[in-house]
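This report describes a nonpolar surface patch and the pairing of aromatic rings. Please consult the sequence and the structure while reading.

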Amino acid sequence: MKDFPGTPGTITGLFLRISQFLFAAGAIASMATAEDFTNYTAFCYLIASMGLQVIWCLGLAFLDAYALSKKKLLRNAILVSLFVVGDWVTATLSLAAACSSAGIIVLYDRDLGYCKLLGCRKFQISVFLAFISWILIQISSLIMFWLLAAG
């Protein structure tokens, strides 16, 4: 398998996973500190999706750190296949959650004008962080797919 930036067991791969973790955790923290987010299903789904992404990215970050410390390669075809499927699943769930939450925010802010009453700033920050996290997980899934195709 070829070396791409962001492959498992490299510094760039570890950085990518830690970045995904931090943005997803930031989305959770911003949404969880907002008032009445539990009244909206899309926002609860965003919390659940980002929670799954936090667990996935943190686990893979630990695996990358272990591989770096032991100087092992994580380029087994079965392992990379697992990474591809996991990244695609979390990327799909994250995109769906971010889009549905963004739709609710646009509806409340621009169409109904509820954000003047509710204060949607924390909701907007959470959705922004969720989209950044999705972009990073999508980059990771493309790298894993390239590795699988090249191997």
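Leucine 52 is placed in helix H2; helices are DSSP runs of H or I with at least four residues, numbered from the N terminus. The model is predicted, so local features need pLDDT of at least 70, side-chain atom pairs count only at pLDDT 80 or more, and totals for chains, interfaces and linings use all residues. Residues are numbered from 1 along each chain as its sequence is written, and side-chain values use heavy atoms, with hydrogens and water left out.

With a relative accessible area of 37%, leucine 52 is partly exposed, a class between buried (under 20%) and exposed (over 50%), for a 1.4 Å probe and protein chains only. Tyr45, Leu52, Val85, Val89 and Leu93 make a nonpolar surface patch of about 380 Å². Helix H2 (41–70) and helix H3 (77–111) each give two or more residues to the patch, and H3 gives the most, with three residues.

The whole structure holds six aromatic pairs, whose ring centres lie within 6.5 Å; planes under 30 degrees apart count as stacked, over 60 as edge-to-face and the rest as tilted. Two of the tilted pairs are listed here.

| Pair | Centre to centre | Angle between planes |
|---|---|---|
| Tryptophan 88 and phenylalanine 145 | 5.6 Å | 35° |
| Tyrosine 108 and tyrosine 114 | 5.2 Å | 50° |

Tryptophan 88 lies in helix H3 and phenylalanine 145 in helix H5 (residues 121–150), so their pair ties together parts 57 residues apart in sequence. Tyrosine 108 is buried at 15% relative accessibility, whereas tyrosine 114 is partly exposed at 37%.

Methods:
Patch = residues over 30% accessible without salt bridge, like charges linked within 9 Å, V, L, I, M, F, W, Y side chains within 5 Å. Areas by Shrake-Rupley, 256 points an atom, 1.4 Å probe, with all protein chains shown as cover. Salt bridge = Lys/Arg side-chain N within 4 Å of Asp/Glu carboxyl O.
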